[in-house]
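Reader: I would be grateful for a close look at the ligand and its surroundings in this model. Please describe the site in one connected account.

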Amino acid sequence: MRPKIVAANWKMHKNFDEGMQLATKILQILHNPVKHTVQVILFPPCIYLDVISKLLPTSGAYVYVGAQNCHEQAFGAFTGEVSAPMLRSVGAKFALVGHSERREYFGEDSALLAQKVSTALIHGLRPIFCCGESKQIRAAGRQEHFVNKQLATGLFHLSATQLAQVIIAYEPVWAIGTGSMPTPAQVQVMHKYIRNTIAHQYGMGIAQNIPILYGGSCNAQNAPAFFACPDVDGGLIGKASLEAEAFVAIVNSLA
Ligand code: PGA
């Protein structure tokens, strides 16, 4: 049985006090039964990781923190950057890699993302590898081919043992922060395609155990329909994760 996961991508939102309030409120209202069935991962700005990780329940761990990004090198003269070992040392257990905003605004290409994935894994961070097509690619019906390439170039250098540590987030770029989104049926087609692509490369045993999350304008209203799809194992939530009740409602709809 693969784990169910709901992740909160705060992006560059919330000052420190607001972030603390949000994290505290989420932890307060997450219901106990959830902890046995769903893992919750918060991705705050990295300078809050240390403090927020210390708020997390220590027994029966089911809430984690992760980093929105990490550098492809473990250390060195890279002014302004933050490395996987640093993130790990302040409590991060996961890292987003290949979010479309990183690809688009920071020019992160496949070769760089492949390196980031490897570095994260070597230093004990589980990557959530994001993939997904643009509006133009969807309009041309080339979304499967496109995502296949993202997976092949970003992940398929990994050994089977390493790949088994990876979580995938399918996030069509045209659905991120836009309020428009694919239908649950379209999401299921893509998730199944992604699982089959992994199976083709690594075998069905591994593919069946990889969580594949949906992201892109997912909210408390539409989450139940996405989560009902057999190959959707949870969500990567942006805007709707900035409000504790809305985020916890999404978590509860997966539980
Ligand atoms: P959104 O963002 O939920 O605001 O569309 C999702 C994401 O970027 O991960």
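Author: The account below begins with the ligand and then turns to the pockets. The model is a predicted one. Within it, the ligand sits in the second largest pocket, a space of about 360 Å³. That pocket has a lining of 22 residues, and those nearest its centre are G177, S217, G238, K239 and A240. By class, the lining of this second largest pocket comprises 11 polar, seven nonpolar and four charged residues.

The shell around the ligand itself consists of 13 residues, with K11, H99, E171, G177 and S217 the closest. Six residues of this shell are polar, four are nonpolar and three are charged.

An N or O atom in the side chain of E171 lies 2.6 Å from an oxygen atom of the ligand. From the backbone, a polar atom of G177 is 2.7 Å from a ligand oxygen, and a polar backbone atom of K239 is 2.9 Å from an oxygen atom of the ligand. The protein covers 97% of the 280 Å² of accessible area that the ligand has on its own.

The largest pocket, by contrast, has a volume of about 600 Å³. Of its 20 lining residues, M12, Q68, N69, R102 and F106 are the closest to the centre. Helix 4, residues 100-105, gives the most to this lining, with three residues. The lining of the largest pocket divides into 10 nonpolar, six polar and four charged residues.

Key
Residues are numbered from 1 along each chain as its sequence is written. This is a predicted model: local features need pLDDT of at least 70, side-chain atom pairs count only at pLDDT 80 or more; totals for chains, interfaces and linings use all residues. Side-chain values use heavy atoms; hydrogens and water are left out. On a 1 Å grid over the protein atoms alone, a cavity is a set of points where a 1.4 Å probe fits but cannot get out, and a pocket is an open set with protein on both sides within 12 Å along at least five of seven lines; lining residues have an atom within 4 Å of a point. Grid points are joined across faces, edges and corners, and a volume is the space filled by probe spheres set on the points. Helices (H or I, at least four residues) and strands (E, at least two) are DSSP runs, numbered from the N terminus. Ala, Val, Leu, Ile, Met, Phe, Trp, Tyr, Cys and Pro count as nonpolar, Asp, Glu, Lys and Arg as charged, and the others, Gly among them, as polar. A residue is near a molecule or strand if one of its heavy atoms lies within 4 Å of it. A polar contact is a pair of N or O atoms within 3.5 Å; within protein, one must be able to donate a hydrogen and the other to accept it, and residues adjacent in sequence count only if both atoms are side-chain atoms. Accessible areas come from the Shrake-Rupley method with a 1.4 Å probe; for residues, only the protein chains shown count as cover. A molecule sits in a cavity or pocket if more than half of its atoms lie within 2 Å of its grid points.
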